[in-house]
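Welcome! Take a look at the sequence and the model, and then read on.

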Amino acid sequence: VTSVPPEQGKDAAHPGRPGTRRRSVDECFDLGLRRRGGPWLPVSGPICAGGNGLELQFCLDVADGTVRRVSFKVTTCITLVAYAEALAERVTGISLRDAIRVTPSDLVKSLSGVPSSKQDRAVLAIRALQGVICEAARETPNPSSRRTYP
Amino acid sequence: MKVAYIFATQKHTISYVLAKMVLPQLEEDRHGADVVGMFFFEDNAYVLVKGNPIGERLQRVAQEKGMLLMACDQCCYEREIADKLFEGAEIGCFPDLYKALSGNPPDQVITL
């Protein structure tokens, strides 16, 4: 296995992992529009609203504290759709605990070419993700925290 | 009269209509209308990239006259120039355009 240095656009913590590679907005926008049209998943987050009428709502399929699938409803701002898609790819397959650690800065770094005037969409996307993760955590408590009684 | 131009066609729209007609008239203060904004679709957005000689003239005029310069965000992302525009030029879509023009709305919107 050849490791890919971070400067070539891969996340050093997850080399080769889909969603951690630095992507173009255009690429993520197309994928995001397809994901947006997909089936709605069991755990719904809140509808998060930003300026200019922008809205984003995630839904998750979670099993054993791990995000199995992600979908979302989003207004068709190209930057917001791309951030939502990048985030969906990034958190699929990881634990809720790791997913909630993703920051707006991480998300901004994952997409190339977004001017600073549009990077506020990353904050909205993270807020929407945190909302659905909180909901998922309420609905699916961490198995390790369960207590058993004789 | 206040106007806004939308550059939507790609023949000689920038190199001829903008660079040899509209822009010189604006530079000489004899255009005949107050241009409150310009919006650029598709390859026309390249005029707003840093270093474009027509864009540099446009930037000077826009700064003097308080004119909005905006390019279609999807067109810019597709061409990988969204973060390469000169200062004062923005990317956006119709909601951004209408919001930006709402403080100084044009009487006419002219598509070129």
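In which helix of chain B is Val61(B) found? Val61(B) is found in helix H2 of chain B. Please keep in mind throughout that this is a predicted model.

**Val61(B)**

- Val61(B) has a relative accessible area of 3%, and since buried means under 20%, Val61(B) is therefore buried.
- Not counting residues up to four places away in sequence, Val61(B) touches Leu23(B), Leu26(B), Glu27(B) and Met67(B).
- Between Val61(B) and Val3(B) there are 15 Å in space, C-alpha to C-alpha, and the two are 58 residues apart in sequence.

**Asn44(B)**

- You will find Asn44(B) in the loop of chain B between strand S2 (34-40) and helix H2 (53-65).
- Asn44(B) is buried too, with a relative accessible area of 4%.
- At 2.9 Å, the side chain of Asn44(B) reaches the backbone oxygen of Thr9(B).

**Chain A as a whole**

- Chain A has 5 helices and 6 strands.
- If you read along the sequence, these elements of chain A follow the pattern β-α-β-β-β-β-α-α-α-β-α.
- Chain A has 150 residues, and 43% of them count as buried.
- Among the contacts in chain A with a separation of 6 or more, 62% come from residues 24 or more positions apart.

**Two helices that pack in chain A**

- In chain A, helix H2 (residues 78-91) packs with helix H5 (residues 120-139) at an angle of about 45°, and their axes are 9 Å apart.
- Because of that angle, H2(A) and H5(A) are oblique to each other.
- The crossing of H2(A) and H5(A) is right-handed.
- On the H2(A) side, the contact is made by Thr79(A), Leu80(A), Tyr83(A), Leu87(A) and Val91(A).
- On the H5(A) side, the contact is made by Arg121(A), Ala122(A), Leu124(A), Ala125(A), Ile126(A) and Leu129(A).
- The residues of this contact of H2(A) with H5(A) divide into 9 nonpolar, 1 polar and 1 charged.

Key:
Residues numbered from 1 in each chain as written. Chains lettered and ligands numbered in written order. Predicted model: local features only at pLDDT ≥ 70, side-chain atom pairs only at ≥ 80, totals over all residues. Heavy atoms only, no water. Axes fitted to C-alpha atoms, helices over the stretch in contact; angles between N-to-C directions. Helix = DSSP H or I, 4+ residues; strand = E, 2+ residues; numbered from the N terminus. Parallel < 35°, antiparallel > 145°, perpendicular 65-115°, else oblique. Left-handed = near helix turned anticlockwise from the far one by under 90°. Contact = heavy atoms within 4.5 Å. Nonpolar A, V, L, I, M, F, W, Y, C, P; charged D, E, K, R; others polar. Buried < 20%, exposed > 50% of the residue type's maximum accessible area, 1.4 Å probe, protein only. Polar contact = N/O pair within 3.5 Å; in protein donor to acceptor, adjacent residues only side chain to side chain.
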